[in-house]
Amino acid sequence: MNGAHRVVVTGVGIVSPVGTGAEAYWTSLKAGQSGIALPSAALSALNPKQPVGEVRDFDPLRWFGERELSALDRVAQFAVVAAREAVAQSGLLLDGVQSERTAAIVGTGVGGAVTMDDSYRRVYFEKAARVHPLTIPRLMPNAAASQVSMHLGIRGPSFGIVSACSSATHAIGLAFQMVRAGIADAAVAGGTEACLTFGTMRGWEALRVMASDTCRPFSRERKGLIVGEGAGIVVLETAEKARERGAEILGEVIGFGMTADAADLTNPDVGGMTRAIRGCLEDAAITPDDVDYVNAHGTGTLANDQTETAALKAAFGPRAAKVPTSSTKSMVGHALGAAGALEFVAALMAIRDGVAPPTVSYLGPDPACDLDYVPNVAREMPIRTALSNSFAFGGLNAVLAARRFS
């Protein structure tokens, strides 16, 4: 339904395997540059033959003092760095009443995995009598949201969202609803993930859904997903407030849909996906004919890609074949709780520049995946309205709609 306030984006921040900073990230996506590679020496505990989407050359001391770092897991470091960039771009001054009228909502799928892995190693292998005194505050799933709130001085509603691979999209969607309804004047929202650890990766290996070479969403010969890491944060505001202070408006959030499959923990359901897409369209008061581009969930697994294709066909009808639909996971991997924010920022940039980012490593059509996936090369085209899909384990679906602001 339409709310009282129009909601716009005035800042974005990114930490990703293809660049830290939103512009570096977007430049790499447009060029089709992949950050998927074998793990670096910093991840020596991982399987050296299993590619990952790693944020390389991230020096925490560039961003934080040593004392600050004692309270920050890598997952929170990513979130704070991305949030700082987003707020700086927005020009939003988080002081006085504004700090109390701003929300901080940050999703994550796993939370402080590095801290958890380290504490287990110390207890079980090193037989340590104690772990770090801030172990619990570092690993709790709401730590990233709390750290963003504290580092930026946000005193309004602040909380974490944990809904697996839909976490960031849920966070942005709920922030959108809060700003639209007037509960907050602004929100700093998105997702973060940093779980390239020994224990977590062993869990992913046990699921047998990871590719051994690279991520090829919607392609023939695709073998599965690639686990990644990173963070994406956006600043949302009412259009009235943004205009009053002369902020640059990057785009408008116009709709949000979310559903649950209530079916299976790991197998995607076309009905749940379809209802989330339709719900987003209805909330935005648009039709499939209005959609110019879709940033797909597109994990690269056999089940997800064919189910998402079927859902787009069910929701869009004949229009599905005419809408360019790409997966940027082909370049950054699946950042789980951060994925939706990384992809929503890509959709915003696509609208801003009129460029649909490619699905790289694409080898040709799969019989069950027969839409326009923007294979291998970015496409310049007019984009006014875009969707960003997230479909998570647990059957949790979330879809955002954005358009050029006018």
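Close-up 1. Just after α15, Gly354 adopts a positive phi of about 65 degrees. This is a predicted model: local features need pLDDT of at least 70, side-chain atom pairs count only at pLDDT 80 or more, and totals for chains, interfaces and linings use all residues. Residues are numbered from 1 along each chain as its sequence is written, and side-chain values use heavy atoms, without hydrogens and water. Helices are DSSP runs (H or I, at least four residues), numbered from the N terminus. Helix α15 covers residues 339-353. Its 15 residues should span 21 Å at 1.5 Å a residue, and its end C-alpha atoms are 21 Å apart, which agrees. The expected span is 1.5 Å times one less than the number of residues. In α15, 13 of the 15 residues are buried, so the helix is largely enclosed by the rest of the structure. Buried means under 20% relative accessible area (1.4 Å probe, protein chains only).

**Close-up 2. Helix α12 packs on helix α13.** Helix α12 (residues 270-284) and helix α13 (residues 302-316) pack at an angle of about 45 degrees, with axes 8 Å apart. Axes are lines fitted to C-alpha atoms over the stretch in contact, and angles run from 0 to 180 degrees between N-to-C directions. That angle makes α12 oblique to α13. Oblique covers what is left after under 35 degrees (roughly parallel), over 145 (roughly antiparallel) and 65 to 115 (roughly perpendicular).

**Close-up 3. Helix α4 packs on helix α8.** Helix α4 (residues 74-90) and helix α8 (residues 143-152) pack at about 45 degrees, with axes 9 Å apart. The two helices are therefore oblique to each other.

Conventions: Buried means under 20% relative accessible area, exposed over 50%, partly exposed in between (1.4 Å probe, protein chains only).
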